[in-house]
Structure formats: structure tokens, C-alpha cells
Amino acid sequence: MGIRELAKHLNISIGTVSRALNGRGDVNPETRRRVLEAAAELGYSPNQSGRSLRQGSTNAIAFMLQTYSGAELYGEPFFMGLFSGVQQALGRHGLDLIVLLNTPDGDHEAQLRRVVERRLADGILLPWTRRVDPRLDFLLDRRFPFAALGRSLSGGDHPWIDLHFEQAADVAVDRFVGFGHRRIGLANNGHDLMHAHILLDGYRRALARHGIAFDESLVRTEEMTEAGGYRLASGLLDQGPLPTALLVANERMAVGVYRRLNEAGVRPGRDIAIIGGMIDSPASRFLSPALTCFRLSLHDLGVRLAEALLATMPGHADAYGGLVQDLWPLELVPRESDRVLLGG
């Protein structure tokens, strides 16, 4: 039922019904009560597109999710946990989260322009930031509210939340060195994503702290899937002596690494030490041996990401302070996969 049918049912004007539904003070309390009761009883549904045109807002936030090439999608456990926190924070203000998915060969910059120019959302959340990311400069130039899940060299002082990848590299390398390892490899993410550059830089600095020379042959990049991890491990096996310890950037990659190493007779947790992944997913716990990894609250991260966006939006900024640029800490979850003592 629309507003016209509701007004006809009550035998009052459309304007009076509209003012009653919107809580206007110039409507008789008894009339407002009748309108609200009838709306609830008859299942009245407002025309959201018309309301959006009148109010100049959509009451929706767009999460621009870009997939990448490969046989499998990735990121599902991460983003589903994140979305619950984002929606909780947005729900405080009557805002809804919509996810706009782009294909691997799609033009994600063109999609972003459409969202902004057609005003399909009131704000935008951007994951997978790249080292140089024109999307951030575009949003700043248009003064469109947004927050990024990740840092970038682009975008000036844009709002962002990012995982503390430098901390993860420090903790992992320190732990490997504590077990006697000096030949430490890195299985990193590709696609020129900023977090891969940050993790690599952190890994190099951590090695340098321990007086270990950086060996480019021990660093490989692949897509963040099981298949990507499998290919990465194959490359390490083909090139010669394996590292004695390996930091894997993504827990799904670790599954593929395990599979390929076992096929070659190299046993994770016995012949090679492995730390892998920034979230403690079921894959981490059910691998054999169980994967030493990192842990964070995806729900809380989602809440904070939404708050970083709300801090840029008219009508909400005063409640959330100024510019948000936060590094999200990661907690090591020690298990069996990295306890390889050299010579022991």
C-alpha cells in the first residue's frame, strides 16, 4: 500500500498523512495516531526513491568490493565478519549497508564514478586500497564522504583503518629467529595492493633488526586463494633450497601451501615452520598441524570502519570527532605449525 491508498482509506488528505508519518508538529495527535495505526495494520510502505529525492539522501552506504582474477573468489570469511560490525554502527543512524561487487575485468573506477554522480549512496567504504589509488583522489576532489580499509600513497589525509601489518611482520620474524631460523621466506599478496607493500617493508625491516640479509628469491606473490598458495609453494620448490620458515600473508593461501608441500614430502610444522594469515579462520584451526596465525575482531573492526566514515558525514561528524586514521592491532595465536627448532 502506498500513501495515496492510505489517505483514501482514512479519508484524509495525502499531505496530512505525509506530515503525520514524518512526525510533523502541525498534525493533530489523534490524527497522527490514526495514521500510524492504519499504516502498521495495512502494511504501508513509503516510496523510498521519492523520499530520497526530497531529502537529498539515500540512507545507504556503499561497500565497493572488487574481486580479482583467478578461479576462486576470496575474502568471504573476512568480509562477512566485517559487514556485521559495519551494519551495527550504521544501524544506529538508520543507515543500511549495500555491497556493490565489481568483476575482475570490470572498471572499478567507472563504477565508483557512477555511484557518486548518480548519488546512489550517502557514503562509500573502500577496501583493497592500492599503493597509488586514483579512487581516493577522486572522492576527495568531489568531497564525497568515504573511508578506506587500508592506507595508500594517494588521497592525502583521507580517513582509513588498516591492519597493523608491520606488527605482524615483526612478531613473526622475531618468533622464527627465536626458534633458530635465518632463512625466512614471505608468501605475499599480489595485485599491487598497499597492504602487500607494507607487509614486505615490515618483513625487510624485521630481518634487518636481526642482521639477516634480504633475499629476494625467498619472496613470492600470488592471489589470495588456496590455488594461489599452491602455485606459490610450487615455485619455491622448483627454485631450489626451501626457506626453513615461511610467513604466509593469507590463511587461504596457507591451505594451498600445505597441500603442495605435503605432496613434495615436506611436512609443515616438522620440516618447515609456517605462520600464516591475519584472521583466525576455521581453515587455520583445522589444518594439520594447526596453523599459527594472527587474530582480530572483525566485528569490532567493522564498527570502527563505519565510525571513520560517519565522522566525515554531515549530520554525524560531531558525534564521532575528527579524521580517523587507525592501525588495528593483531594478536598472535601460537599453535603447532611454526614450532620447528633448527637442529632440534
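A: A polar contact is a pair of N or O atoms within 3.5 Å; within protein, one of the two must be able to donate a hydrogen and the other to accept it. Please keep in mind that this is a predicted model.

Q: Which backbone oxygen does the side chain of Thr129 reach?

A: The backbone oxygen of Arg151, at 2.8 Å.

Q: And where is Thr129 found?

A: Thr129 belongs to the loop between strand 3 (123–126) and helix 7 (134–142).

Q: Is Thr129 buried or exposed?

A: Thr129 is buried: its relative accessible area is 3%, and the cut-off for buried is under 20%.

Q: What is Thr129 in contact with, leaving aside its neighbours within four places in sequence?

A: The contacts of Thr129 are Arg135, Ala148, Leu149, Gly150, Arg151, Ser152, Leu193 and Met194, once neighbours within four places in sequence are set aside.

Q: Let us change topic. How many helices and strands are in the chain?

A: The chain has 14 helices and twelve strands. Its radius of gyration is 25 Å, well over the 20 Å that the globule rule gives for 344 residues, so the chain is more spread out than a compact globule. Along the principal axes, its C-alpha atoms fill a box of roughly 90 × 40 × 35 Å.

Q: How much of the chain counts as buried?

A: Of its 344 residues, 51% are buried. The chain exposes about 15,800 Å², and carbon and sulfur atoms supply 51% of that area.

Q: Which residues touch the most other members in the largest nonpolar core?

A: They are Phe63, Phe78, Leu82, Leu163, Tyr203, Ile274 and Leu301, in a core of 78 residues. Helix 13 (residues 298–310) contributes the largest share of this core, eight residues. There is also a second, separate core of 15 residues, which includes Met64, Ile124, Phe138 and Phe146.

Q: How many aromatic pairs does a search of the whole structure find?

A: Six. One of the pairs is Phe63 with Phe79, edge-to-face, with 5.6 Å centre to centre and 75° between the planes. Phe63 lies in strand 1 (residues 60–66) and Phe79 in helix 5 (residues 76–91), so this pair ties together parts that are 16 residues apart in sequence.

Q: What about Phe79 and Trp128?

A: Phe79 and Trp128 also form an edge-to-face pair, at 5.5 Å centre to centre and 75° between the planes. This pair links distant parts of the chain, since Phe79 is in helix 5 and Trp128 is in the loop between strand 3 and helix 7, 49 residues apart. Phe79 is buried at 4% relative accessibility, and Trp128 is buried with a relative accessible area of 13%.

Q: Which residues do ring pairs link into a cluster?

A: Phe63, Phe78, Phe79, Phe83 and Trp128.

Q: One last topic: which residues of helix 6 (residues 108–117) are buried?

A: The buried residues of helix 6 are His108, Ala110, Gln111, Leu112, Val115 and Val116. They pack against strand 1, strand 2 (96–102), strand 3 and helix 7.

Q: What is found at the start of helix 6, and what follows the helix?

A: At the start, a side-chain oxygen of Asp107 comes within 3.2 Å of the backbone nitrogen of Glu109. After helix 6 comes Arg119, with a positive phi near 50°.

Terms used: Residues numbered from 1 in each chain as written. Predicted model: local features only at pLDDT ≥ 70, side-chain atom pairs only at ≥ 80, totals over all residues. Heavy atoms only, no water. Helix = DSSP H or I, 4+ residues; strand = E, 2+ residues; numbered from the N terminus. Buried < 20%, exposed > 50% of the residue type's maximum accessible area, 1.4 Å probe, protein only. Contact = heavy atoms within 4.5 Å. Core = buried A, V, L, I, M, F, W, Y, C linked by side-chain atoms within 4.5 Å. Rg over C-alpha atoms; globule rule 2.2 N^0.38 Å. Areas by Shrake-Rupley, 256 points an atom, 1.4 Å probe, with all protein chains shown as cover. Phe/Tyr/Trp six-rings, centres within 6.5 Å; stacked < 30°, edge-to-face > 60°.
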